[in-house]
Amino acid sequence: MVKPVFEAPRLLANKVAIVGAGLAGTATAQVLSTAGIECHLFDPEPASGASGNAQGMLYVAPQIDPTPASRFWLQAFDLACEQYSKRPEFHASGLLCLAEDDAHETRLRRIYERLARSASDLAWVNADEASSIAQIPLLRSGLYWPKSGWMAVRNFVLRELEGVIRRAERVEQIVEVGEQVKVNQETFDLVILSNAYSAQAFLPVYLSPKPVRGQISRIKGPSPKAAACAEGYLTPADSEGWASFGASFVPNDADSDLRAEDDRFNQTLMTQLIGHELCGQAGLSRASIRCASPDYLPMVGALPNAEIWMDGLSKLRTDAKWKPARAMCAYRRVMVNIGHGSRGLTSTPLAARILLQQITGQPVPADDDIPSHVNPARFLVRALKRNQI
Ligand SMILES: Cc1cc2nc3c(=O)[nH]c(=O)nc-3n(C[C@H](O)[C@H](O)[C@H](O)COP(=O)(O)OP(=O)(O)OC[C@H]3O[C@@H](n4cnc5c(N)ncnc54)[C@H](O)[C@@H]3O)c2cc1C
């Protein structure tokens, strides 16, 4: 067996501060609180970030080979489907992931064959079958995930969280004092940064999530009965008849002003999916910022104690293949749960379970190695190997 460079943290805690009440923060608060941990969820304006969209689809895009990233997203998707099926904000309309072009169709077909899931989980549909499921004309073949669907995201994050103490405060200061942390001067056993790109203010240099601006358009009118996507996506209508489509994708842009050019982009994106443009209702679009990590896997877990790690792993600077005699295990009392990119609905339930495991030792409903692939320490190790810190 290959020796690991680092081990998972284990940080007992009774009282935890969670910064940010979007999908990541609320999932974490609910899971930890259910396990008996006192959770204080700080956010002056919950659902004001990317999780404030009216609708979002539960998306999954596995790869042909079972890479760690592909396994993470698929296992996260299965957990999310199971958990959301109990929530009134979730609509299990099914999800059609259709091909963007011929090469993509071939790839999707191979993924379908490789996954070999039962028909109640995944089906291959041609354009006619997809159109019949969606009850609107769709142009291409692809994957049909019957258990997926769309979430009323904003309502979901604003729901009451049993046992969680909501604090309408902005976290301005985090100071680590021995085995505890002061958050805005109040003492906690642990702090969990779930405030997406805004976490940057509290992050070490080797962690550098990127902002990716996105705008979603809204329309009242004919909409599919199942969520449908190719490069862009179109949701079924909500209870008031509004459907959402988009979404623009502008890397390294952290402005959430509304832009006509983004609406035009969304408008033309629909051509590939339904064969014609859709014109969103003026003034009802919403722009916000995704927080993306460099390897498109979220950053979930305790931050390593950089001083100890840089000392213990200094040989990596000259030999990237070197392994320490003993795996590194010194962690701070600051955890992160960020970098959920364009798929926070999918990743945040599993991310919350990974954090729970690091605090209580409860097993994660995923392959044993999955937590290590999202551990933020991977970026410290990478930076050392590249001599960047
Ligand atoms: C246009 C668009 C469309 C999308 N569509 C989908 C989709 O269909 N399906 C999907 O799965 N994902 C989708 N996403 C991505 C998804 O919205 C995100 O992955 C998810 O919302 C991220 O959640 P979060 O909790 O990490 O961050 P956020 O929702 O951004 O929450 C961060 C919170 O932190 C708070 N905060 C910031 N600083 C502080 C502080 N100092 N103290 C206290 N609180 C603070 C903010 O007020 C905010 O509420 C989309 C994103 C965009 C932009």
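This is a predicted model: local features need pLDDT of at least 70, side-chain atom pairs count only at pLDDT 80 or more; totals for chains, interfaces and linings use all residues.
Residues are numbered from 1 along each chain as its sequence is written.

The chain contains ten helices and 21 strands, where helices (H or I, at least four residues) and strands (E, at least two) are DSSP runs numbered from the N terminus. For 389 residues, a compact globule would have a radius of gyration near 21 Å, and the 21 Å of the chain agrees with this; the radius is taken over C-alpha atoms, and the globule rule is 2.2 Å times the number of residues to the power 0.38. The C-alpha trace spans about 60 × 45 × 35 Å along its principal axes, and the centres of domain 1 and domain 2, taken over C-alpha atoms, are separated by 31 Å. Buried residues account for 48% of the 389 residues in the chain, a residue being buried if 20 or more other C-beta atoms lie within 10 Å of its own, exposed if 12 or fewer do, and partly exposed in between, with C-beta atoms placed from the backbone.

Around the ligand there are 42 residues, of which Gly 20, Gly 22, Gly 49, Gly 214 and Gly 344 come nearest; a residue is near if its C-beta atom, placed from the backbone, lies within 6 Å of the molecule. Two or more residues of this shell are given by each of helix 1 (23–34), strand 3 (56–57), strand 14 (210–220), strand 19 (286–292) and helix 8 (344–360).

Two strands pair if DSSP finds at least two bridges between them, and strand 4 and strand 8 (residues 150–151) are joined in the antiparallel sense over two bridges. In this pairing, His 91 stands opposite Trp 150 in strand 8.

Strand 20 (residues 299–304) includes Met 299, and because six of the six residues of strand 20 are buried, this strand is largely enclosed by the rest of the structure. Strand 20 pairs with strand 21 (residues 331–338) in the antiparallel sense over five bridges, and Met 299 stands opposite Ile 338 in strand 21. Met 299 counts as buried because it has 27 C-beta neighbours inside 10 Å. Not counting residues up to four places away in sequence, Met 299 touches several residues, among them Leu 207, Pro 209, Val 336 and Val 374, contact meaning that the C-beta atoms of two residues, placed from the backbone, lie within 7 Å.

Leu 234, found in strand 16 (residues 233–234), likewise counts as buried, because it has 28 C-beta neighbours inside 10 Å. Leaving aside neighbours within four places in sequence, the contacts of Leu 234 include Ser 223, Pro 224, Phe 245 and Met 270. The C-alpha atoms of Leu 234 and Leu 58, which are 176 residues apart along the chain, are separated by 12 Å.

How values were computed: Domain bounds come from an automatic or database domain assignment.
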